Amino acid sequence: MLREAVAKHRWWILLAIAGLAALAFVPFVLMPFHVRVGQLILLSTSLGLAWTLLGGFAGYWSFGHTAFIGLGAFAAGLFETQVLGLAFMRAEPLAGLGLGLLVGMGVCAVAAAIVAWPILRLRGIYFAVAMLGVAQVLAELTNSIDAFKGSMGLVFPRIPAFGLRQEAVFYYLLLIATAAILLIAFVVKNARIGHGLAAMREDEDTARMLGVPTERYKITMFVLSATLTGALGVIYAHSLGYITTGSVYRTDFSLNMIVYNLLGGMGTLLGPMIGAVIMVLLTQVVLGGFLNLHMFLTGAMLVALVLAAPKGIVGTWQAWRRRRASAAS
Amino acid sequence: MAGLAPPPRECRVVKPPILALNNVTKRFRGLVAADRVSLEVQPGSITSLIGPNGAGKSTIFNLVTGYLLPTEGEILFHGQPITGHATVRIARRGIARAFQIAKPFPEISVRDNVRVGALFGRDGPRDVADVTEQALDMAGLSNFADRPAGDLTVGFLRRLEIARAVAARPVLLLADEPCAGLNPSETEEVCDILRRVRDRGTTVFLVEHDMAAVMRISDHVIVLDAGAKIAEGTPAEISADPKVIAAYLGTPEDA
Amino acid sequence: MLALQTILDGLVLGGLYALAAVGFSLIFGVLGVVNLSHGAIVMIGAYLTWFLWHSTGLDPLLCIPPVMLVLFAFGYVYQRGLIQLAVDRSSLLASMLVTFGVALMLRNLLVLVFSPDFKSISPGWAFSFLRLAGGVTIDLVRISALGASLALLGALAYVLNRTRIGRVIRATAQQELAARLCGVNARHVYAVTFGVSAAFAGASGAILGIVLPFAPPDEANWTLNAFVVVVLGGIGSPSGALLGGLLLGLISTATSQLIGPAFPNAMMFLILVLMLMVRPSGLLGNAFAGSR
């Protein structure tokens, strides 16, 4: 089935490989500021894709996915600074980062698996708001329990690698992460589980009746999505260099992951990528001068989107193509 | 072509029934929806369950598929009890149900709808592409395979419902009023599809109101009235049975 | 005596939670919409009261009626202009996203207009208190907060159960089509319901401002609180909100007293999830049961 999908989408796959390869040259060509914008675009793209593994594929819209950005960031940060120690991080920065990533992802996976059982019994709005609650609670605990250093803040060691500047290092890390998540999402979407999820998203009870193991599938996707989001949280935290609760547990992260998918097209792979690129360019470049209005503009964007194009860019485009095809036939 | 080889049709009488209900009773509070019903469905047949409104036909289907638990009695599938098993488990053993009110996945294509049946059916994901295309072809849906299921008309949705159920390669297909609300030519199409389903080796158990359709395609007909079985036999026997005529038209005293 | 003091504090907080949640509950019950901007409306109420009190010196409790009036109008327009549009165009889930977007816009506006710093309202009588038997104290602020919360909840219950518009609202919630056939303008009713909800959110904001310091980002907490109250008590009725609110107030005061000040939200969330699993329609069920 996967082979069939690869054959069907071979042009898109070639395009994606070419695009990722081209993006690898960006740090050599552009100014550091633009590389940072590139970082942000990659982070947003990969976050949108990680969210869509659950929200787009399974139809469980999480309103609090920033929980896993924060959890991953703090788990890795505490591990690197408290367990490995700064001396180790200075001697073996890449190994330290790798271990930190593993710990961050592991903690997110375990946390998601624990939360999954009660929370995934909820559907629709109840699930969405419960996730909002998860994020809120984790942020509060991080902030008020001293051992987690949420209010004092955590300093991440620098990661010197291959003689690259810091922003280039994180650019490449995010590029690799984006490629990996895109690959995972493609495989999932076209595998047996992907078809089961598509059915489940439309009608969970009928899907179960047809033999789709809905329970197992949604827990799998929740854990997968949380783990990948956690990995991105770890990389993001390192790129900041210093984090507090407020810099990684950010409601606007949760919101943006939904906005990218809505703007681009829910349940597709292209959708969140297009959505993220447009939103980042819009907010960072076009509206870069209105920093204090960011939240307002993102909110307004969301409202406008839901009202104007509830199916997103890809969905609208597909509908248009279908209309044209059926008019022709 | 896995699992779809035609069965030897002549073994019917010798083989044990594929589905048997032994004295099944279902009471809802005071109402008796099924009253000591015993019936058998022979493998390789199209067996129809008919009866006036409220006779208990849907109750029987709900009991067989595990949506309802019988108050008394026992349901055997291939000679083994499935009474009280979970719906999913019963589906896994090879009993599929096509609902009267089609439940398509509207936003995904017709092919992907059928593919879900093939992927998660009885044998698991084997020969998925072949099974999917065969089911589409058998239901006459090949030309619409790439359309989203939500675009189909009622008649085609009914076919999709059957195709999706058949793609799971069931041993027994329960078809719940597949012709309800269809025009004569659509009804004829559905009858053809059901015949094809049977000819490929899946036994069909049918609840239907359209008497003409029932008489045309059934090998065996069972009549329910007020929860109890009142007659069974070949279509010819049933249409001549005075008890059946009375149940449908009312006895002279009632009028 | 600590226990008694905790209970008393819990009741005061609970009354506030109940009042802040009742509007959210009403919209959820009548329109089926989860209004994620509810907390932001509570905050607007607090800021409007602060502004009136600060600029005119009017007693904050007397600010409640004008604040309610302004927010009623806001709620009416908000529903007819935006929410109804979202419901018509796509789905209830989409309408929830619209309210999420509006919440962010409002929070941002509040920061721009009033700064992100904490504000508080302290009327002249803020420092008088009663000493009850056994060393339990309660200040006038909190007595009046509890009193005002209960009075407003009672008023809303009266309106819903005894007046014509209340009956129309309940009828529309149960059977929109039937109500329309009886000549009810459902859209108007929905907008009025939203207006009422916003007005009571505003009133709770005013009272909240007297009891606690507040800042714009609190809005998320107030929305979440409202959600928990509804899940605990049941959808759509003032009595459900009161029950849920008081429970939540007692639970969070007890938790911060007994376990630690960092944990009320965590505890609340735990209870929320347990409740959703055990009894999804709340202790008192849906006041408009059978409607959806």
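Modeller: Here is chain B, starting with its sheet. This is a predicted model, where local features need pLDDT of at least 70, side-chain atom pairs count only at pLDDT 80 or more, and totals for chains, interfaces and linings use all residues. Residues are numbered from 1 along each chain as its sequence is written, while chains are lettered from A and ligands numbered from 1 in the order in which they are written.

Chain B has an open sheet of four strands, with antiparallel pairing and the order 2-1-4-5. Strands here are DSSP runs of E, at least two residues; helices are runs of H or I, at least four; both are numbered from the N terminus. Pairing takes at least two DSSP bridges between two strands. Strand 1 (residues 19-28) of chain B runs antiparallel to strand 2 of chain B, joined by seven bridges. Leu19(B) stands opposite Val41(B) of strand 2.

Helix 1 (residues 57-64) of chain B packs on this sheet. Helix 1 touches strand 1, strand 2 and strand 4 (72-77) of chain B. Its direction makes about 65° with that of strand 2 of chain B. Such angles run from 0 to 180 degrees between N-to-C directions, with axes fitted to C-alpha atoms, for helices over the stretch in contact.

Now the neighbour. A contact means C-beta atoms, placed from the backbone, within 7 Å. The contact between chains A and B takes 20 residues from chain B and 15 residues from chain A. On the chain B side, helix 2 (87-92), helix 3 (110-119) and helix 4 (128-138) give two or more residues each. Helix 3 of chain B gives the most, with five residues. No contact joins chain B and chain C; their closest C-alpha atoms lie 14 Å apart.

Definitions and conventions: Contact = placed C-beta atoms within 7 Å.
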